[in-house]
Amino acid sequence: MSQSPNFLKVRSAVRESLKSLEAGDCILVAVSGGADSLALAAATAIEGKALALKVIGATVDHQLQKNSGDQAQKVAIQLSKLGIESTEILQVTVALENGVEASARTARYRALSELADRTNAKYVLLGHTRDDQAETVLLGLARGSGSRSLSGMAEINGIYLRPLLTLTREETVAACDELHLQYWSDPHNEDLTFTRVRVRKNVLPVLEEELGPG
């Protein structure tokens, strides 16, 4: 398993991000079941064990889709098979105050932060990739954030750690394929009513076509 080329890239990125931690430290890995977070979890299970870290899985059930609880249970089972013995299913109620995306994000981060407090976790690992970074920068510019948007998401932001910002979504999908992991494709990621999806599906492909990849 560890010799798969794309998975080795994921492992290397995770190893670099965790190098400051000490044996016995606790970390959370947030997993939706998508390719990015599943590849992250698989690598964290291996690298965390090598560093003698306590790794806890976390998956958030936003209750926005039918059978969302079943998906959360599937994630917990997958993480157990990867070697992450303990996974918390965080069921949240999304108050639709600022649109579905923003409200779900607020509820998700609140739940993860509370779990980190309860478990005394040093970090919460998130599966954002270089593609997510590009989308975030473009969204920020479109919303008038100006030059502040150019910095994008930080690798470390408080308790949140993003080891995969140098990797592409294509590489995380390939890593999951190499490991024969079945990842979940969130229907919301295909819904063009969401601004981020329109950026991903319509805007970025045009930029890459006109300006070149990367």
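Which residue in β2 is the bridge partner of Ala30? In β2, Ala58 takes that place. The views below start from the whole chain and then move to single sites. The model is predicted.

**View 1. The protein chain holds seven helices and six strands.**
From the N terminus on, the elements follow the order α-β-α-β-α-β-α-β-α-β-β-α-α. The chain has 214 residues, and 45% of them are buried. The six strands form an open sheet in the order β3-β2-β1-β4-β6-β5. Pairing in this sheet is mixed. At the edges stand β3 and β5 (156-157). Each has a single partner strand, so one side of each lacks a neighbour in the sheet.

**View 2. Strands β1 and β2 run parallel and are joined by five bridges.**
The chain passes from β1 through helix α2 (residues 35-50) to β2. This β-α-β crossover is right-handed. Ala30 has Ala58 of β2 as its bridge partner. Cys26 stands opposite Lys54 in β2. Strand β2 covers residues 54-61 and is mostly covered, with seven of its eight residues buried.

**View 3. Strands β2 and β3 run parallel and are joined by six bridges.**
Strand β3 spans residues 86-91. Here the bridge partner of Thr59 is Ile89 in β3. Helix α3 (residues 68-82) belongs with β2 and β3 to a β-α-β unit, which is right-handed.

**View 4. Glu22 sits in the loop between α1 (5-18) and β1 (26-30).**
Is Glu22 buried or exposed? Its relative accessibility is 56%, so Glu22 counts as exposed. Ala52 is 30 residues away from Glu22 in sequence. In space, the two C-alpha atoms are 7.9 Å apart.

**View 5. Leu64, Leu96 and Val100 form a nonpolar patch on the surface.**
Together they have about 240 Å² of accessible area. Leu96 lies in the loop between β3 and α4 (100-119). Leu96 is exposed, with 56% relative accessible area.

**View 6. Tyr109 and Tyr160 make the one aromatic pair that a search of the whole structure finds.**
Their ring centres are 4.9 Å apart. The ring planes stand at 70°, so the pair is edge-to-face. Tyr109 belongs to helix α4, and Tyr160 to strand β6 (residues 160-161). The pair links distant parts of the chain, 51 residues apart. Tyr109 is partly exposed, at 22% relative accessible area. Tyr160 counts as buried, at 11% relative accessibility.

**View 7. Lys9 and Glu171 meet in a salt bridge.**
A search of the whole structure finds six salt bridges, and this is one of them. The N to O distance is 3.0 Å. Why does this pair tie together parts that are 162 residues apart in sequence? Lys9 lies in helix α1, while Glu171 lies in helix α6 (residues 169-179). Lys9 counts as partly exposed, at 39% relative accessibility. Glu171 is buried, with a relative accessible area of 17%.

**View 8. Glu47 forms a salt bridge with Arg11.**
The closest N and O atoms are 2.7 Å apart. Glu47 lies in helix α2 and Arg11 in helix α1, so named parts 36 residues apart are linked. Glu47 is buried, with a relative accessible area of 4%. Arg11 is also buried, at 13%.

**View 9. Arg169 forms a salt bridge with Asp36.**
Their closest N and O atoms are 3.7 Å apart. Arg169 lies in helix α6 and Asp36 in helix α2, so the pair ties together parts that are 133 residues apart in sequence. Asp36 counts as buried, at 14% relative accessibility.

Methods. Residues numbered from 1 in each chain as written. Predicted model: local features only at pLDDT ≥ 70, side-chain atom pairs only at ≥ 80, totals over all residues. Heavy atoms only, no water. Helix = DSSP H or I, 4+ residues; strand = E, 2+ residues; numbered from the N terminus. Buried < 20%, exposed > 50% of the residue type's maximum accessible area, 1.4 Å probe, protein only. Pairing = 2+ DSSP bridges. Right-handed = clockwise from strand over helix to strand, strands pointing away. Patch = residues over 30% accessible without salt bridge, like charges linked within 9 Å, V, L, I, M, F, W, Y side chains within 5 Å. Areas by Shrake-Rupley, 256 points an atom, 1.4 Å probe, with all protein chains shown as cover. Salt bridge = Lys/Arg side-chain N within 4 Å of Asp/Glu carboxyl O. Phe/Tyr/Trp six-rings, centres within 6.5 Å; stacked < 30°, edge-to-face > 60°.
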